[in-house]
Amino acid sequence: MVFSSCLRVENVFSHAISKFKHSNNGNGNGSVLSPPISSFSLLSSSPLVFPKFSLLKTSLTHSLSVKVSSSSSSTAIAEPEGIKINSVPTKPIEGQKTGTSGLRKKVKVFMQENYLANWIQALFNSLPSEDYKNGLLVLGGDGRYFNKEASQIIIKIAAGNGVGKILVGKEGVMSTPAVSAVIRKRKANGGFIMSASHNPGGPEYDWGIKFNYNSGQPAPESITDKIYGNTLSISKIKIADIPDVDLSHPGFTKYGNFIVEVVDPVSDYLELVEHVFDFELIRSLLSRPDFRFIFDAMHAVTGAYAKPIFVDKLGASPDSISNGVPLEDFGHGHPDPNLTYAKDLVKIMYSENGPDFGAASDGDGDRNMILGRGFFVTPSDSVAIIAANSQGAIPYFKSGAKGLARSMPTSGALDRVAEKLNLPFFEVPTGWKFFGNLMDDGKLSICGEESFGTGSDHIREKDGIWAVLAWLSIIAYRNKDKKPGEKLVSVADVVKEHWATFGRNFFSRYDYEECESEGANKMMEYLRDLVSKSKPGDKYGSYALQYADDFKYTDPVDGSVVTKQGVRFVFTDGSRIIFRLSGTGSAGATVRMYIEQFEPVASKHEMDAQTALKPLIDLALSLSKLKDFTGREKPTVIT
Ligand code: VG1
Ligand code: CO
């Protein structure tokens, strides 16, 4: 059923409602509401935004099929702000537990009646009211299929719960890092991100939602656990009876005291990165005729950012942006910037006379892949190299970094930089939410994950474009005195030099996507059992065990503890084998196997990672009995 079909419009011009409080959640307050809608625009450059219809008309002719149930038992409750709020009965829905990064499911699941609405209402039920009442929230997304409908549901439920204002990216589009930046800049109480990140989009694929808190960081587990609890007991959704908001132009629309502001998704973010980096320095590199740059937006959200930033501000040529138009289904692609899914870019970069620098970002713009000509930079090396070079090349770090951190499965390359620079260092579980407290507490500046996530405390999310700008800054800084025609220091040169100084941490990740959950869970149980029986000194082929455990993390700032974050076998030479199950998939179970080995000897650094790691990979496969448990001969993705 369609949400609009049951909205009642009563006493439209009655203003005698202010005595009703929010806590009158729908039991019998039949008399309602609304002053005429007023619209205005504060920006002279922005067109005036008028709702398409009057409230009365829209309530009856609402065109968008918003999947919030419209039960005849829905009651209208009054609000002091003067918009009509309906209390729609609902029932708990199983399985709304968030994973590594928000709630991700197939679009079809989210389109079920009340599915999204229940989760959004459960979120409001979980937050202290001072965190949103009359407050400011941000709403953005990666432009994928279902975002438009979802935006309207979220806006109406936010209004229904007494939010004062919601700031929305034009057409509901705003990258994950930009949402984090906007929350911080505008001092918002938090924000929603509509994205399943690197998971494919379209009617048959994935959708997702994530809530970030007031410093721009993904909500901590204490909140997401509460939301989950509330999804299991939810009984009503508070939804405002307002028309669908026109999100196609920047400007303001007002409904009673509730305001929707549509903003350009790029400008706040651009202003921030202009402050972080030396744009003149980067421009000097990108405008060189002897430097060729290519950025692949994978038809995802960074398509909206690439031209204004790389082309308009930094002077890259317009044809250096590929797949730069964001599409609802990412052009049938899998917007995951890795060697498998960004193969078009990889092919170009490995071609004879390919460009000097190539990069890509994912669905929601928080991941990055960095390539030189014929050269791939592993994300674990990337964050270490950025950290080692940041002070000179990036103005934001001119006084040095406060501390460095990586997720547990990420290679130890960053540890060596922290040691050498004498910086505090932290190892956290997988997922960006674990970096936020360290940043807020002033302990952490630069951090990364092996999964193509790199970032800093300029915001509280990983940031794909930031990583590209960081690398361009490093290359530009190293070449700033090079005359035209002189050989430039390349991406590969920078990486090899880094290995020569710090040693090389060979690293690889094998993903076995969408395995049967039963087999994958059994394998993890088997590994945990192996861990419990293991002891230091145990021999595994030519490796001797230093320790094995299931990673447990105590947050140094708030003392919160998380367990079961990945089974690891650490050997006496520092080599590591790690297994965990993905928390971002939408079907079955994805097994991730991480392999790492340190090599101090420079003459061995040029080896191919798969060759160097072969003995350890074989050991990992045999000790886990992965093939037996999952039935998989080969991984789906190798990084
Ligand atoms: C994966 C990555 C993890 C990353 C997460 C969200 O999680 O391994 O490092 O933080 O995705 O990234 P998992 O649980 O599937 O291993 V994104 O760009 O999808 O928001
Ligand atoms: Co992402």
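**Salt bridges and a buried threonine**

Asp 362 and Arg 367 are both buried. In this predicted model, their side chains pair up in a salt bridge, with N and O 3.9 Å apart.

That pair is one of 41 salt bridges counted here. Another brings together the side chains of Lys 97 and Asp 225, again at 3.9 Å from N to O. Lys 97 sits in the loop between β3 (85-89) and β4 (103-106), while Asp 225 belongs to helix α6 (residues 221-231), so this bridge ties together parts of the protein that are 128 residues apart in sequence. Lys 97 is partly exposed, at 46% relative accessible area, and Asp 225 is partly exposed too, at 42%.

A local example comes from helix α17 (residues 609-624), where Lys 614 and Asp 618 lie 4 residues apart, about one turn of the helix. Their closest N and O atoms are 2.8 Å apart, making a salt bridge. Lys 614 comes out as partly exposed, with 46% relative accessibility, and Asp 618 likewise counts as partly exposed, with 36%. Elsewhere, Arg 406, Asp 415, Glu 427, Asp 549, Arg 568, Arg 576 and Glu 596 are linked into one network by salt bridges that share partners.

Turning to the threonine, Thr 176 is part of helix α5 (residues 176-185). Its relative accessibility is 0%, so Thr 176 counts as buried. The side chain of Thr 176 makes a polar contact of 2.6 Å with that of Asp 364. Beyond its neighbours within four places in sequence, Thr 176 touches Ile 193, Lys 210, Asp 364, Asp 366 and Glu 461.

Technical notes. Residues are numbered from 1 along each chain as its sequence is written. Chains are lettered from A and ligands numbered from 1 in the order in which they are written. This is a predicted model: local features need pLDDT of at least 70, side-chain atom pairs count only at pLDDT 80 or more; totals for chains, interfaces and linings use all residues. Side-chain values use heavy atoms; hydrogens and water are left out. Helices (H or I, at least four residues) and strands (E, at least two) are DSSP runs, numbered from the N terminus. Buried means under 20% relative accessible area, exposed over 50%, partly exposed in between (1.4 Å probe, protein chains only). A polar contact is a pair of N or O atoms within 3.5 Å; within protein, one must be able to donate a hydrogen and the other to accept it, and residues adjacent in sequence count only if both atoms are side-chain atoms. Contact means heavy atoms within 4.5 Å. A salt bridge is a side-chain nitrogen of Lys or Arg within 4 Å of a carboxyl oxygen of Asp or Glu.
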